[in-house]
Amino acid sequence: MHAVAVRRDGSNPEVVEKPRPEPGPGEALVRTLRVGIDGTDHEVIEGSHGGYPDGEDHLVLGHEAVGVVEDPNGTEFERGDVVVPTVRRAPPSGTNEYFERGQPDMAPDGEYVERGIVGAHGFMSEYFTSPADCLVSLPRELAELGFLAEPISISEKAFEHAFASRSAFDWNPDSALVLGNGSLGLLTLAMLEGSDRFDRCYCLGRRDRPDPSIDIIEDLGATYVDSRETPVSEFASVHEPVDFVYEATGYAKHAFDTIDALAPNGVGALLGVPTDWEFEIDGGRLHREFVLHNKALVGSVNSHVGHFRTAIDRLDSLPESCVDDLVTGVYGLDELDAAFATDDSTIKTAVEFDSI
């Protein structure tokens with residue numbers, strides 16, 4: 001079967017031949033429909049994130065997948081069911097407490113592998129197998145967009161954890177700031193704008209007009225903030241202190257700038273994964289901001305089955321026009337250069353293997 005992989009000695013994704021996998025006990029065989037591409041994929045290709053499976057000279061890419069069950073193999077699924085797979089799996093050394101209690105997303109670094117990211121081949125192939133308890137059913141009418149369930153699930157988890165940190169008191173947020181106008185930031189902005197919690201939403205980026213991501217931001221009713229004109233550290237004085245900040249840039253300074261952007265009692269969710277970078281901060285002042293204004297920061301990565309289920313419901317409620325503008329291209333295996341493009345006209349792409 002065909003698969004898209006990156007090799008240890010190369011830098012560009014390529015089509016490789018792999019044997020069609022056979023499902024083991026408790027696993028189903030899935031025929032792949034589409035696999036989304038995001039910033040993590042590009043980091044894996046560049047070698048700044050993730051890692052190869054032990055003993056392999058290549059990694060099959062892809063962690064945002066949707067497919068159709070080809071062989072249920074005695075699981076609860078039926079042939080033809082549309083499913084999306086979760087990403088995280090137990091490490092080769094065996095299961096651990098996080099997987100045993102159904103919270104693999106809370107396992108610390110080194111105690112898991114992730115399909116298509118670190119230590120395990122991904123879903124960007126004609127077929128893949130998966131344990132049944134790592135597959136989530138999707139309505140057939142959402143099959144073409146099912147690859148968006150994984151990134152939406154990431155934000156669902158971040159919301160859950162951030163909002164839980166404010167659950168000890170009467171918290172009534174009405175303003176939010178998304179840091180980053182990539183595909184994850186824009187999806188999250190659409191989720192926030194569709195919520196009844198927030199009256200005012202902002203999205204920060206570094207793009208010149210005209211730009212398709214700015215069009216999406218403003219079509220959603222949010223305010224675009226150019227970080228070259230208004231850095232995060234000055235956001236509160238130029239616009240307003242906000243109740244919730246969602247960071248999806250991986251720019252290390254933003255973690256600390258978020259503290260200044262927050263209103264009293266506010267919370268920031270950090271999702272970007274930066275490289276090492278040393279710089280000076282006024283730690284005493286930021287400490288006072290935390291303490292005297294009851295602010296909080298939470299880190300969040302990955303998601304579990306429950307977040308995927310919520311994400312599928314959320315996907316069904318997103319504005320159709322927003323999703324149409326967000327997905328800027330779906331490409332075949334002979335169009336990998338376009339699928340993995342990083343120009344300003346590209347927001348979200350997917351590789352298509354088959355249709356229902």
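Reader: Where is Asn-73 found?

Author: In this predicted model, Asn-73 is found in the loop between strand 5 (64-71) and strand 6 (82-85). Its phi is near 55 degrees, a positive value in a residue other than glycine.

Reader: Why is Asn-73 called partly exposed?

Author: The relative accessible area of Asn-73 is 32%. Partly exposed covers the range between the 20% limit for buried and the 50% limit for exposed, so Asn-73 is partly exposed at 32%.

Reader: What makes the phi of Asn-302 worth noting, and is Asn-302 buried or exposed?

Author: Phi of Asn-302 is near 65 degrees, again a positive value in a residue other than glycine. Most residues other than glycine have a negative phi. Asn-302 is found in the loop between strand 17 (296-299) and helix 9 (305-317). With 6% relative accessibility, Asn-302 counts as buried, because buried means under 20%.

Reader: Which peptide bond is cis, and where is its proline found?

Author: The bond from Arg-209 to Pro-210 is cis, with omega near -5 degrees. Most peptide bonds are trans. Pro-210 is found in the loop between strand 13 and helix 5.

Reader: Which residues of helix 5 are buried, and how do you know on which side of the helix they lie?

Author: In helix 5 (residues 212-219), the buried residues are Ser-213, Ile-214, Ile-216 and Ile-217. They cover an arc of only 160 degrees around the axis, so they lie on the same side of helix 5. An α-helix has 3.6 residues a turn, and therefore residues three or four places apart point the same way.

Reader: What do the buried residues of helix 5 pack against?

Author: They pack against helix 4 (183-193), strand 13 (200-205), strand 14 (223-226) and helix 10 (320-326). Just after helix 5, Gly-221 takes a positive phi of about 95 degrees.

Reader: How many aromatic pairs are there, and why is that of Phe-163 and Trp-171 called tilted?

Author: A search of the whole structure finds 12 aromatic pairs. The ring centres of Phe-163 and Trp-171 are 5.6 Å apart, and their planes stand at 55 degrees. Planes under 30 degrees apart would count as stacked and those over 60 as edge-to-face; at 55 degrees the pair is therefore tilted. Both Phe-163 and Trp-171 are buried.

Reader: What makes the pair of Tyr-202 and Phe-235 edge-to-face?

Author: The angle between the planes is 85 degrees, with 5.0 Å centre to centre. Edge-to-face requires an angle over 60 degrees, so the pair of Tyr-202 and Phe-235 is edge-to-face. Tyr-202 lies in strand 13 and Phe-235 in helix 6 (residues 235-238), so the pair ties together parts that are 33 residues apart in sequence. Tyr-202 and Phe-235 are both buried.

Reader: Which residues do ring pairs link into a cluster?

Author: The cluster holds Phe-159, Phe-163, Trp-171, Phe-198, Phe-244 and Tyr-246.

Reader: How do you know that a charge sits over the ring of Phe-163?

Author: The charged end of Arg-197 is 4.5 Å from the centre of that ring. The distance limit is 6 Å, and the charge must also be within 35 degrees of the ring normal; Arg-197 is listed as sitting over the ring of Phe-163. Likewise, the charged end of Lys-253 sits over the ring of Phe-279, 5.6 Å from its centre.

Reader: Why is Cys-203 said to be in no disulfide?

Author: The nearest cysteine sulfur, that of Cys-201, is 9.6 Å away. A disulfide needs the sulfur atoms within 2.5 Å, so Cys-203 is in no disulfide. The count comes to 0 disulfides. Cys-203 is buried, with a relative accessible area of 0%, and Cys-134 is buried at 12%.

Reader: How do you know whether the radius of gyration agrees with that of a compact globule?

Author: With 356 residues, a compact globule would have a radius of gyration near 21 Å; the chain has 20 Å, which agrees. Buried residues make up 54% of the 356 residues. The chain has 11 helices and 19 strands.

Definitions and conventions: Residues numbered from 1 in each chain as written. Predicted model: local features only at pLDDT ≥ 70, side-chain atom pairs only at ≥ 80, totals over all residues. Heavy atoms only, no water. Buried < 20%, exposed > 50% of the residue type's maximum accessible area, 1.4 Å probe, protein only. Helix = DSSP H or I, 4+ residues; strand = E, 2+ residues; numbered from the N terminus. Arc of directions from axis to C-beta. Contact = heavy atoms within 4.5 Å. Phe/Tyr/Trp six-rings, centres within 6.5 Å; stacked < 30°, edge-to-face > 60°. Rg over C-alpha atoms; globule rule 2.2 N^0.38 Å.
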